[in-house]
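Please examine the sequence and the structure before reading on.

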Amino acid sequence: MSHNTDIALWASGLTKVFDGVLALNNLSLSIQSGVITALIGPNGAGKTTLLNVISGFLRPDHGMVMALGHDVRGMPPEGIARLGVTRTFQNIRLLPQMTVIENVLVASRLPALRGLYYAVFRRGAVHAFEEAARKSALALLRRIGLEDRQSHLAMNLSHGQRKLLELARALACKPRILMLDEPIAGLFPEMVSQVEQLLLDLRQDGTAIVVVEHRMDFVMRISDVVIVLHNGAKLAEGTPKDISRNDQVLQVYLGGSGSVDS
């Protein structure tokens, strides 16, 4: 594990109700830089709702979210993204009519938006920025194995390639907190290995990584911390080994038989 373990994000007393159902129930947690935190739990446990609240797509009914030193409640998603909080979605969100590299370039412009007004009046600065962005986008595509697809339209990629491209788009924003919603769903084993290595590299660089994933073998291999949600509340938190032996967790997942990583 990386030694850069500052608190990147903390949430306190988060509550969210949909049609009388508690999606988040007084949930508190903290996420550290340089640490991979997995969020697991049965369907309807509140995992995606939590990501939506942190990233500004939903506003909590109660509670507080601090990301990278900022109170992000009520901030729009793009404002939170500009702080360095980036996420992917269960349902892939690409620009299908654009090429692979264009998809990454569009995302890579986000961190530079603050300086764009200044750049508009300096043509040379714009040109230098575009060159640097293209080089960076190509390096990202190389890293995830899509360099040879850079000029293909996103709509013509396989499901697995689209998942990888969405990850590249998230990384193009240079996140300090990266939240991934089922990043390996539907991926071939060699693609899973690529994602795994990428996340380990990012952890080493000090990125705070939050992974929502149903594949327990992947969760147990890659996570430093596992948080188990159940009915919108935190059921347990600990190392993968602790969680795999936790009786309460086994009860929720398997009715008390077997183990979480089976």
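Which elements each supply at least two residues of the lining of the second largest pocket? They are α5 (123–144) and α6 (159–172), where helices are DSSP runs of H or I of at least four residues and strands are runs of E of at least two, numbered from the N terminus.

## Basis of the model

This is a predicted model, in which local features need pLDDT of at least 70, side-chain atom pairs count only at pLDDT 80 or more, and totals for chains, interfaces and linings use all residues. Residues are numbered from 1 along each chain as its sequence is written, and side-chain values use heavy atoms, without hydrogens and water.

## The second largest pocket

The second largest pocket holds about 170 Å³ of space. With 4 residues, α5 gives the most to its lining. Among the lining residues are Ser136, Arg143, Lys174 and Thr207.

## The largest cavity

The structure has 1 cavity of 30 Å³ or more. The largest cavity contains about 70 Å³ of space. Its lining receives at least two residues each from α6 and β7 (177–181), and α6 gives the most, with 4 residues.

## Thr88 at the cavity

Thr88 is one of the residues that line the largest cavity. Thr88 lies in the loop between β6 (85–87) and α3 (100–108). Because its relative accessibility is 4%, Thr88 counts as buried (under 20% relative accessible area, with a 1.4 Å probe and protein chains only). A polar atom of the Thr88 side chain lies 3.3 Å from the backbone nitrogen of Asp181, and Asp181 also lines the largest cavity.

Terms used:
Buried means under 20% relative accessible area, exposed over 50%, partly exposed in between (1.4 Å probe, protein chains only). A polar contact is a pair of N or O atoms within 3.5 Å; within protein, one must be able to donate a hydrogen and the other to accept it, and residues adjacent in sequence count only if both atoms are side-chain atoms. On a 1 Å grid over the protein atoms alone, a cavity is a set of points where a 1.4 Å probe fits but cannot get out, and a pocket is an open set with protein on both sides within 12 Å along at least five of seven lines; lining residues have an atom within 4 Å of a point. Grid points are joined across faces, edges and corners, and a volume is the space filled by probe spheres set on the points.
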